[in-house]
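Thanks for coming. I will go through one structure, a few places at a time, and you can follow along on the screen.

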Amino acid sequence: MVGILQPADPRLVGSYKLLGRLGSGGMGRVFLGMSAAGRPVAVKVIHAKLAADPEFRTRFRVEVAAARKVSGLFTALVVDADVDAPVPWLATAYVAGPSLAEAVKDRGPLSVTSLLALAAGLAKGLSAIHAAGVVHGDLKPSNVLLALDGPRVIDFGISQAAETAPLTQAGLVVGTPSFMSPEQASGKKTGPLSDVFSLGAVLAFAATGRKPFGTGPPAEVLGRVVRGSPGLDDAPAQVRPLIERCLAKDPGRRPAAAELLAEVSAVQSAIEPPAGPLPAERRRRKRRPLVTAAAIGGILAAAGAAGYGLTVATGPEPAASTLSPVAAQIAPPPGRPASGRPAASSHPSAALPPRITSTYTYQQGAMVYFEIYYSDPGHDAEGFAFVGVNGSDWPLQRYPFANPASGIVEPGSVAFPLDQGCGTGFEYMSDVKAWIYGRDGTRSRPVVIHLACPT
């Protein structure tokens with residue numbers, strides 16, 4: 001979320017005009033800024049107390065130089081910095097999306113598909129960071145931003161700059177106990193495999209909605225990190241072995257980031273459903289808009305809701321499913337027969353129509369799937385329908401849950417693929433209006449879903 005600037009906040013840092021507050025931490029405050037060319041950036045301004053420490057400045061200079069070498073889709077790139085300014089600052093590419101911490105707090109644990117996509121993105125991000133000779137040192141849910149085209153790792157390398165500053169300074173946080181590795185918690189030398197442990201802890205949080213080593217005083221949490229077992233009882237079976245490998249106490253038993261990526265890819269391949277027949281209608285192509293000054297209002301409005309393809313609809317949000325979107329693996333819940341059609345109910349709520357609570361999009365090959373989460377208090381939901389809008393010429397399509405064509409039906413959700421030409425050089429962007437319909441002809445309030453290949 002973007003907060004308003006306070007009276008004491010700067011209005012200009014370097015050549016960047018500041019527009020709002022993005023957050024604060026042990027090293028400094030982070031602002032949304034705008035370059036002279038109209039590009040949004042995240043500007044981190046170091047706390048004055050740290051800026052007055054010569055040792056901190058030296059370490060910060062080294063870390064920023066290392067972070068400049070990092071490149072990759074799944075990191076927020078360093079675009080500018082002034083380490084010699086009276087108050088040092090750093091500017092990185094702005095990511096329009098909530099943090100993983102915010103997303104899990106708002107919507108609960110991620111589904112298996114989302115967990116694997118998150119794991120792959122984080123593994124790629126760490127691979128790029130480690131290839132540059134940088135160790136993150138503070139990977140945690142609030143340092144993972146969920147953009148529409150995948151996660152972004154932020155504060156890599158530079159997070160370690162605070163380690164040379166006095167630990168007694170008020171508000172200074174060196175690492176986060178719940179997501180530290182055992183060697184980091186014990187004050188031992190850390191390396192890339194320490195980040196892998198933190199990655200495992202982040203995945204455990206995303207899978208369960210809880211910190212893997214519990215809560216309480218930092219000393220107690222760190223003791224569990226060093227000697228205890230993580231709480232993974234309700235983590236999905238498809239991802240639990242990956243998480244456990246990352247959380248090995250012995251660094252030598254953890255996979256490197258590149259190895260983890262290969263393991264994630266293997267699991268994804270094993271659970272992905274085969275592509276079914278897809279509609280062959282042509283879609284009208286649209287040009288990709290650039291994020292410029294003219295679009296900043298939209299970024300600010302979307303920053304609180306956009307992320308990992310998740311968009312908010314009306315009504316209460318559902319508990320996130322931990323099932324893999326593979327029809328053959330779905331066991332129907334009580335009251336729902338295997339056909340996907342819910343059993344009739346004599347409960348007074350039976351008269352209530354279904355309601356869409358949120359939507360989600362993700363890419364597989366050339367396809368972009370839209371997924372609809374819905375509540376069905378009246379046990380009346382029969383199927384789903386959608387039609388192209390805003391220039392997208394998808395014809396009206398209507399599918400019962402019992403026969404969803406190439407769609408994937410889960411309890412409380414349905415996913416459907418549309419060919420957007422991702423990776424083919426003929427990429428499309430589509431808007432569809434979708435809804436859930438009931439047996440008696442009633443339908444939910446429709447939602448408009450935007451589908452686009454990752455940028």
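Start at V13, which stands opposite Y16 in strand 2. This is a predicted model, so please keep that in mind throughout. Strand 1 and strand 2, the latter covering residues 16-24, are paired in the antiparallel sense over two bridges. Strands of a sheet pair through backbone hydrogen bonds, either parallel or antiparallel.

Next, a hairpin. Strand 7 (residues 144-147) and strand 8 (residues 150-153) run antiparallel and are joined by four bridges. L146, for example, stands opposite P151 in strand 8. The hairpin connects strand 7 to strand 8 through two residues.

On to a helix. Helix 4 takes in residues 112-131, which is 20 residues. From its first C-alpha to its last, helix 4 reaches 28 Å, close to the 28 Å expected at 1.5 Å a residue. Is helix 4 mostly covered or mostly uncovered? Mostly covered: 16 of its 20 residues are buried. After helix 4 comes G133, with a positive phi near 80°.

I will take the second largest cavity, with a volume of about 30 Å³. Which residues line it? The lining of the second largest cavity is made by L115, A119, L203, V239, L242 and I243. Helix 4 and helix 8 (240-246) are the elements that give two or more residues to that lining. An α-helix has 3.6 residues a turn, so residues three or four places apart point the same way. By type, the lining of the second largest cavity has six nonpolar residues, no polar ones and no charged ones.

Last, a single residue. D431 lies in strand 16 (residues 429-438). Is D431 buried or exposed? D431 has a relative accessible area of 11%, and buried means under 20%, so D431 is buried. What does the side chain of D431 contact? A polar contact of 3.2 Å joins it to the side chain of N390, and another, of 2.7 Å, joins the side chains of D431 and H450.

That is the end of my tour.

Technical notes: Residues are numbered from 1 along each chain as its sequence is written. This is a predicted model: local features need pLDDT of at least 70, side-chain atom pairs count only at pLDDT 80 or more; totals for chains, interfaces and linings use all residues. Side-chain values use heavy atoms; hydrogens and water are left out. The expected span of a helix is 1.5 Å times one less than its number of residues. Buried means under 20% relative accessible area, exposed over 50%, partly exposed in between (1.4 Å probe, protein chains only). A polar contact is a pair of N or O atoms within 3.5 Å; within protein, one must be able to donate a hydrogen and the other to accept it, and residues adjacent in sequence count only if both atoms are side-chain atoms. Two strands pair if DSSP finds at least two bridges between them. On a 1 Å grid over the protein atoms alone, a cavity is a set of points where a 1.4 Å probe fits but cannot get out, and a pocket is an open set with protein on both sides within 12 Å along at least five of seven lines; lining residues have an atom within 4 Å of a point. Grid points are joined across faces, edges and corners, and a volume is the space filled by probe spheres set on the points. Ala, Val, Leu, Ile, Met, Phe, Trp, Tyr, Cys and Pro count as nonpolar, Asp, Glu, Lys and Arg as charged, and the others, Gly among them, as polar.
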